[in-house]
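User: I'd like to go through this model and ask what stands behind each label. Could you set the values against the cut-offs for me?

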Amino acid sequence: MLSGAVRERALSAAPPAYVYDLAGLGAHAAAIREAVPAELYYAAKANPDARILAALAPHVDGVEVSSGGELAHVRAALPGTRLAFGGPGKTEEELAAAFAGPAPVHRIHVESPLELRRLAALRREADVLLRVNLPIAAAGASLRMSGPFGMDAEALGRCLDLLAEAPWLRLRGMHAHLASGLEAEPLLEVAAHVLGWARSWLEGPAEINLGGGMAVDYRDPARRFDWAAYGAGLAALRRPGEVLRVEPGRAVTAYCGWYVTDVLDVKRTHGTAYAVLRGGTHHLRTPAAKGHDQPFTVLPAGSGDGVGGPVTLVGQLCTPKDVLARDVTVERIAVGDVVAFAMAGAYAWNISHHDFLMHPKPSVHYVGPG
């Protein structure tokens with residue numbers, strides 16, 4: 001639902017535009033913080049906007065970054081915030097950057113024995129987690145993090161040998177982000193498997209980073225991940241002395257953003273109604289990337305030609321894949337109307353192919369403090 005302030009900004013902003021509700025984001029993050037009895041790190045890859053980061057800072061224990069670019073960006077936006085450095089294929093330069101600045105990265109998530117050797121060669125003190133890749137079937141997952149992510153048992157054994165030869169690297173625990181798009185119950189089942197496995201490898205209390213992967217339902221914007229059930233489940237799973245950490249991204253910021261544009265043309269082709277919008281998937285890649293219809297609200301503002309019933313909303317790109325929502329029934333949509341696409345606060349602008357056809361980039365607007 002668009003709040004009054006978001007609706008007002010959506011109607012006043014020159015389209016295309018992004019509108020971020022910072023007040024709503026802060027309230028959502030505070031509720032997550034209250035529900036989850038674990039350290040909460042925000043995965044910056046979901047949306048690294050500097051004012052988004054600032055709005056989240058009071059409610060999180062740290063931020064997870066996955067590249068040297070994200071590392072530099074978040075350090076500049078949130079000086080002094082604890083950072084965890086993850087992601088495959090870290091270069092020597094990126095690993096060295098972990099030690100730049102006034103304070104080193106809080107945790108480095110090691111993805112392979114070679115990466116650990118590169119880190120050891122720097123001969124700098126660091127706290128590391130070994131990222132594991134477990135053969136766990138996560139029922140209902142929209143994405144499984146297999147293949148290049150993390151290590152199997154054989155590679156982990158090699159890492160333990162390497163750590164014994166590099167005492168300046170301190171093994172703090174394990175990291176396991178195995179799947180995305182899970183509801184609370186299956187995500188807790190994955191967590192139970194990960195914890196059981198990690199305890200068999202680690203002596204005594206340790207840190208276990210369970211990653212993110214909380215479900216976001218683009219078909220029903222009002223439906224949210226059950227953070228209370230997830231938090232209660234984690235409390236039951238945790239053993240005394242263990243530090244549990246989670247790294248949500250999409251489920252934190254998806255709901256705070258709207259992509260706002262206007263209708264340039266309305267037409268029928270072979271019986272199908274189309275609304276052609278200013279902008280498109282080069283600004284909001286999410287529906288094309290995930291294969292869904294992006295939820296939207298039509299804000300009547302035009303007096304031009306209009307249609308009702310099923311309509312497909314497309315952008316200005318020279319590709320039939322530039323579709324934001326397909327055959328969605330509307331009461332009426334007309335030339336000049338404003339369309340506000342909800343749930344555009346994560347993996348939206350920051351994953352889009354901005355320069356295709358070189359259309360103007362959207363402006364960015366904020367509602368609330370931050």
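Analyst: Happy to, and let's begin with the largest cavity: its lining divides into ten nonpolar residues, two polar and no charged. Please keep in mind that this is a predicted model.

User: Which residues line the largest cavity, and what is its volume?

Analyst: The lining consists of Ala176, His177, Leu178, Ala179, Leu182, Leu187, Val190, Ala191, Val194, Leu210, Gly212 and Tyr230. The volume is about 70 Å³. Helix α8 (residues 184–201) gives the largest share of the lining, four residues. A search of the whole structure finds one cavity of 30 Å³ or more.

User: Where does histidine 177 lie, and is it buried or exposed?

Analyst: Histidine 177 belongs to the loop between β8 and β9 (179–180). Its relative accessibility is 15%, and buried means under 20%, so histidine 177 counts as buried.

User: What makes the pair of histidine 177 and glycine 212 a polar contact?

Analyst: A polar atom of the histidine 177 side chain lies 3.3 Å from the backbone nitrogen of glycine 212. The limit for a polar contact is 3.5 Å, with one atom able to donate a hydrogen and the other to accept it.

User: On to the open sites. What is known about the second largest pocket?

Analyst: The second largest pocket has a volume of about 370 Å³. It is lined by 20 residues, and the closest to its centre are Met1, Leu2, Arg224, Tyr255 and Trp258. Two or more lining residues come from each of α2 (22–35) and β14 (296–299), with α2 giving the largest share, three residues. By class, the lining has 13 nonpolar, four polar and three charged residues.

User: Why is histidine 175 called buried?

Analyst: Histidine 175 has a relative accessible area of 4%, and the cut-off for buried is under 20%, so histidine 175 is buried. This residue is found in strand β8 (residues 169–175). Not counting residues up to four places away in sequence, histidine 175 touches His109, Leu129, Leu130, Arg131, Val132, Asn209 and Glu247. With glutamate 247 there is also a polar contact of 3.2 Å between the side chains.

User: How do you know that glutamate 115 is buried?

Analyst: Glutamate 115, in helix α6 (residues 113–121), has a relative accessibility of 3%. Buried means under 20%, so glutamate 115 counts as buried. Its side chain makes a polar contact of 2.7 Å with that of lysine 90. Leaving aside neighbours within four places in sequence, the contacts of glutamate 115 include Gly87, Gly89, Leu95 and His109.

User: What makes arginine 158 and glutamate 154 a salt bridge?

Analyst: Their closest N and O atoms are 3.4 Å apart, and the definition asks for a side-chain nitrogen of Lys or Arg within 4 Å of a carboxyl oxygen of Asp or Glu. Arginine 158 and glutamate 154 both lie in helix α7 (residues 153–164), four residues apart, about one turn of the helix. In general, side chains of opposite charge can pair when their charged atoms come close.

User: Why is lysine 361 called partly exposed but aspartate 355 exposed?

Analyst: Exposed means over 50% and buried under 20%, with partly exposed in between. Lysine 361 has 46%, so it is partly exposed, while aspartate 355 has 53% and therefore counts as exposed. These two form a salt bridge, with the closest N and O atoms 2.7 Å apart.

User: What does the salt bridge between glutamate 207 and arginine 245 tie together?

Analyst: The two side chains meet at 3.2 Å, N to O. Glutamate 207 lies in strand β10 (residues 207–209) and arginine 245 in strand β11 (residues 243–246), so the pair ties together parts that are 38 residues apart in sequence. With 10% relative accessibility glutamate 207 counts as buried, and with 2% arginine 245 is buried too. Both belong to a network of salt bridges that also includes Glu39, Arg82 and Asp127.

Technical notes
Residues are numbered from 1 along each chain as its sequence is written. This is a predicted model: local features need pLDDT of at least 70, side-chain atom pairs count only at pLDDT 80 or more; totals for chains, interfaces and linings use all residues. Side-chain values use heavy atoms; hydrogens and water are left out. On a 1 Å grid over the protein atoms alone, a cavity is a set of points where a 1.4 Å probe fits but cannot get out, and a pocket is an open set with protein on both sides within 12 Å along at least five of seven lines; lining residues have an atom within 4 Å of a point. Grid points are joined across faces, edges and corners, and a volume is the space filled by probe spheres set on the points. Ala, Val, Leu, Ile, Met, Phe, Trp, Tyr, Cys and Pro count as nonpolar, Asp, Glu, Lys and Arg as charged, and the others, Gly among them, as polar. Buried means under 20% relative accessible area, exposed over 50%, partly exposed in between (1.4 Å probe, protein chains only). Contact means heavy atoms within 4.5 Å.
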